[in-house]
Amino acid sequence: MIFAIGEINNSSELLPGVTLGYRIFDSCPSIPLSIRASLNLMNRYESGEGSCSKLSNVHAVIGETTSTSTIGIARTMGPFNIPVISHSATCACLSNRRDYPSFFRTIPSDIYQSKALAKLMKHFGWTWVGAIRTNSDYGNGGMATFLEAAEREGVCVEYSVAIYRTDHRKWFLEVVDIIKKSTSKVIVAFADGTDLDILIKELHAQNVTGMQWVGSEGWITYRYIASPVNYAVVQGAVGFAALNAHIPGLQEFLANSRPSTTVGDQGLVELWEIAFGCTLTLHAETQNQNSVAACSGKESLWDTNTRFTDVSDASLLNNVYKATYAVAHALHMLFTCKDGQGPFENNTCADKENPQTWQVLHYLTQVNFTTKIGENVFFDEMGDPVARYALVNWQMDETGYIVFETIGFYDASQPEGQQFEMIADVKAIWAGENLEVPRSVCSESCLPGTRRAFVKGKPICCFDCITCADGEFSNSTNAVKCDKCLPEYKSNEERNNCDLKAIEFLTFRELMGILLVTFSVFGACLAMTIALIFFHYRQTPIVRANNSELSFLLLFSLTLCFLCSLTFIGRPSEWSCMLRHTAFGITFVLCISCVLGKTIVVLMAFRATLPGSSVMKWFGPAQQRLSVLGFTLIQVLICILWLTINPPFPFKNMNHYKEKIILECALGSAVGFWAVLGYIGLLAVLCFILAFLARKLPDNFNEAKFITFSMLIFCAVWITFIPAYASSPGKFTVAVEIFAILASSYGMLFCIFLPKCYIMLLKPENNTKKHLLGKGTQKAF
């Protein structure tokens, strides 16, 4: 402060023609002594009767070092609007403008430091920590903010205890026992150096080492506790400190300092006597002390190595330097105010001969300047500066000297995630002299593919890892829950991603598809071959006797029945879904209509042989064609209604299998589907009944019995189809439907046409009109 005041008084730009003075008090540090000093500063220097009623000439106070002492000073000065600027008090409570209206500081508030400590925990992955604090406004306020910030960052605190220098030793031993029993490997100490020194010595006595200590600025650069004994306990400690700075000329000023024996200005006397082993007291007084020689006056601090001249860590010195210049700049604005342009009532300026402290206070809120080393200084509405910290690390050099090595920086003004900047070419030393960052977690991180399951009664940092269920995934570490895969996806084996499900449908390339296509094509070829045989033998009695026109139409419809099964194979599309069901329904109705027509013809033919019967004229060839057309048109109408109202469509069935998608044709309207099948069944049952009634009619070749067999097979196939269709999974549903189509088609083809082909090809002697009209000996069934 004296150095800065000297620079200001010698400056021709800052406060020209004005000389600053100062009074310095030592608080030791003690709250009563701090308040006593503040009361002295508020009154005139001359003591005497009635002096307490006279206002002080002091316009600003710089101090104190500790938050607790500063609170006492700020409370005392606040009602009198005397600015108090602290270089080291960090308690967040001091930002309360209602309680401390005249307080400023050049060190960031603990609220920023507490949040920064929580972010530091997250940065290094320390989610399970212990906490120790000084039982004071500084420690309690800072730790409360840290605990809140730690919870937001996902950091859990295993224990939180308070200590104070006046506590009984028994309590310090209990705290040591808590630390020994804990499972966390990191201790956050928001404490004053004097308090923490007592605890560290107790830990050293019980050989409690290897813990990673994280400190607040209250002790992390406190040279008093940086001893080899304490280093054994807190080696590798990290924490936030005020940014270090090189102040030009400061070391020379300190080294050139000389002691004074003037009463009230003896600050260097004790240092001088200890450093040089001499005395500055009067010769008469020293005669009784034969062992101590008088100082010669030629001693120089340049020849010593003391903490007084050590400016390697000038962080707090720089804060004092900035605070002194802040007052100077406020006074400079006050003295350079132009009449009529002032900030006070009626645009007036302050009385330059007698400026008031409240006016200095106003100008301090407007301060904004840059120091010689390029650091911008200003205060926010709470009297706080921008939060910038150096991240320091306790290291020991070759000589055994404790070094506070800066390993990184923290800037609260930067965006989230960019606030830490680590120095690449500086290696940190961690607990146990390790070069690797220690781990401190309650539970190991849950890998992708698992989720956290919190344990009842334990903090959120203590959890079990459970593998995601089938159909769920997690692709991040420590996922709280597993996300469901989209319906078309399934979770992979690691459960950390979703893969597209395999799409299954009956294809032409698989064995089942090849077999069904083979039987389908073979059946169609067989039907066309039989048609060719019938065409070749069209003039023979057996062909002419069995209504050749309906026979050719039946063979044509059977060919279509065989071929329509091909539409069920392959990837379902909108058109194939509509075609497969309608083609199947119409071709089968055409087929059954032909069989029904042949059955009616058999019945009518035998009725026509009865005397006086004219039945055949009512069911001649024209009526037969119309009946087939009529029955078929009804089915066509049903299909048109089905396709118009709610047609079949491609559908991805994801319910039957979890690992694959069944691509199938949804029925659209179930009523339409079962109406088509029901109509086919109705015609088949009618045909079966009529054929059964005509089975015993006389003739060597009564076609009714073969029709009965074919309808019996047809009905049996489609009755068993219903439960098989409903219970078959996936593509087997389609295979069952194709099988039913082929089985019923082959049944009709073999039962109705194979006996005729046998006679035409192998028994041509039976293919005569005489044989057909003769009385046969076949047995009725």
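The C-alpha centres of domain 2 and domain 3 lie 36 Å apart, in a protein whose domain bounds come from an automatic or database domain assignment. Their contact (heavy atoms within 4.5 Å) takes five residues from domain 2 and four residues from domain 3. The model is predicted, with local features needing pLDDT of at least 70 and side-chain atom pairs counting only at pLDDT 80 or more, while totals for chains, interfaces and linings use all residues. Residues are numbered from 1 along each chain as its sequence is written, and side-chain values use heavy atoms, with hydrogens and water left out.

In that assignment, domain 2 covers 110–243 + 387–422, and domain 3 covers 450–502. Between them the two domains bury about 310 Å², 91% of it on carbon and sulfur atoms; buried area is the accessible area (1.4 Å probe) that two parts lose on being put together, summed over both. On the side of domain 2, Trp128, Gly154 and Cys156 supply 84% of the area buried against domain 3, more than any other three residues.

Within domain 3, which spans 450–502, serine 491 belongs to strand E20 (residues 489–491), where strands are DSSP runs (E, at least two residues) numbered from the N terminus. Serine 491 has a relative accessible area of 8% and is therefore buried, a term that means under 20% relative accessible area (1.4 Å probe, protein chains only). Its side chain reaches the backbone nitrogen of glycine 471 at 3.0 Å. Leaving aside neighbours within four places in sequence, serine 491 is in contact with residues including Ala469, Asp470, Cys485 and Cys498.

Terms used:
Helices (H or I, at least four residues) and strands (E, at least two) are DSSP runs, numbered from the N terminus. Buried means under 20% relative accessible area, exposed over 50%, partly exposed in between (1.4 Å probe, protein chains only). A polar contact is a pair of N or O atoms within 3.5 Å; within protein, one must be able to donate a hydrogen and the other to accept it, and residues adjacent in sequence count only if both atoms are side-chain atoms.
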